[in-house]
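Here is a short briefing to read alongside the model.

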Amino acid sequence: MSASALLVMDVQRAVVARYPDPDYLPRLRSTIDAARGAGVPVIYVSVGFRPGGPEISPRNRMFGRLAGAPAHPAAEEGMQVHPDVVPEPGDIVVVKRRVSGFAGSDLEMVLRAGGFDNLVLTGIATSGVVLSTLRQAADLDFGLTVLADGCLDSDAEVHRVLTEKVFPMQADVVTSAEWVAGL
């Protein structure tokens, strides 16, 4: 028997604000609630840095502009998990330092210690955290499911190509409703 965990990745205030989709958060909330109701652990993976970003190289194209920047309360609030899907007691929260959920985090240790061998991936963006985490998780021999409508991307065509052509090589790709129906 295998143990699954639902990963909710980069669903942080500042990230959600860049991807306006009025149906996304209610659908994700429903999926999270169904997972909890079925006893499937929910693991939140969020990007975050120490004040001043000592772990950020100025050479990093995505995060380099943050290197050495002073802490700002609005920026810190933006990095919090969106209040519509906030973690509850008992949920696990992992902080990563790069795009992949595994990069600079203790995600693999948490998964191995918990005996999880199947991961159900959701998050923003499909071409960012979902793609990077899927690739690394596949290389680490985890079973994978991607909830296609549990992911968002700024480019609908990129999302489509990833969920219809790329991800199926390493994961089952289903809708949130299909996954919930199988719980």
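Where is Asp10 found? Asp10 is in the loop between strand E1 and helix H1 (13-17). The model is a predicted one, and its protein chain comes to seven helices and six strands. Along the sequence these follow the pattern β-α-α-β-α-β-α-β-α-β-α-β-α.

**The chain as a whole**

- Of the 183 residues in the protein chain, 44% are buried.
- Taking contacts between residues at least 6 apart in sequence, 77% join residues at least 24 apart.

**The sheet**

- Six strands form an open sheet with parallel pairing, in the order E3-E2-E1-E4-E5-E6.
- The edges are held by strand E3 (92-96) and strand E6 (172-174); each has a single partner strand, so one side of each has no neighbour in the sheet.
- From one strand to the next, the twist averages 25°.
- Strand E2 (residues 42-47) pairs with E3 in the parallel sense over five bridges, and within this pairing Val45 has Val94 in E3 as its bridge partner.
- Helix H2 (residues 24-37) packs on the sheet and touches E1, E2, E4 and E5. The direction of H2 makes about 145° with that of E5.

**Strand E4 and its partners**

- Strand E4 (residues 118-124) has six of its seven residues buried, so the rest of the structure largely encloses it.
- Strand E1 (residues 4-9) pairs with E4 in the parallel sense over six bridges, and Leu6 stands opposite Val120 in E4.
- E4 also pairs with strand E5 (residues 143-152), again in the parallel sense over six bridges; here Ile124 stands opposite Leu152 in E5.
- Together, E4, helix H5 (residues 126-139) and E5 make a right-handed β-α-β unit.

**Helices H5 and H6**

- The axes of H5 and helix H6 (residues 156-166) come within 10 Å and cross at roughly 20°.
- That angle makes H5 roughly parallel to H6, because angles under 35 degrees count as roughly parallel.
- H5 passes H6 in a left-handed crossing.
- On the H5 side, the contact is made by Thr126, Ser127, Leu131 and Arg135. On the H6 side, Val158, His159, Leu162, Thr163 and Val166 take part.

- Leu162 lies in helix H6 and is buried, with a relative accessible area of 9%.
- Not counting residues up to four places away in sequence, Leu162 touches Thr126, Ser127, Leu131, Phe167 and Pro168.
- From C-alpha to C-alpha, Leu162 and Ala148 are 9.3 Å apart in space, and they are 14 residues apart in sequence.
- Thr31 lies in helix H2. Thr31 counts as buried because its relative accessibility is 2%, and buried means under 20%.
- Leaving aside neighbours within four places in sequence, Thr31 is in contact with Leu6, Leu147, Ser176, Trp179 and Val180.

**Backbone details in the loops**

- The peptide bond from Ile124 to Ala125 is cis, with omega near 20°. Ala125 is found in the loop between E4 and H5.
- Asp10 has a phi near 60°, a positive value in a residue other than glycine. Is Asp10 buried or exposed? At 9% relative accessibility, Asp10 counts as buried.
- Asp141 also has a positive phi, of about 70°, although Asp141 is not a glycine. The place of Asp141 is in the loop between H5 and E5, and Asp141 is exposed, with a relative accessible area of 67%.

Conventions: Residues numbered from 1 in each chain as written. Predicted model: local features only at pLDDT ≥ 70, side-chain atom pairs only at ≥ 80, totals over all residues. Heavy atoms only, no water. Buried < 20%, exposed > 50% of the residue type's maximum accessible area, 1.4 Å probe, protein only. Helix = DSSP H or I, 4+ residues; strand = E, 2+ residues; numbered from the N terminus. Pairing = 2+ DSSP bridges. Right-handed = clockwise from strand over helix to strand, strands pointing away. Axes fitted to C-alpha atoms, helices over the stretch in contact; angles between N-to-C directions. Contact = heavy atoms within 4.5 Å. Parallel < 35°, antiparallel > 145°, perpendicular 65-115°, else oblique. Left-handed = near helix turned anticlockwise from the far one by under 90°.
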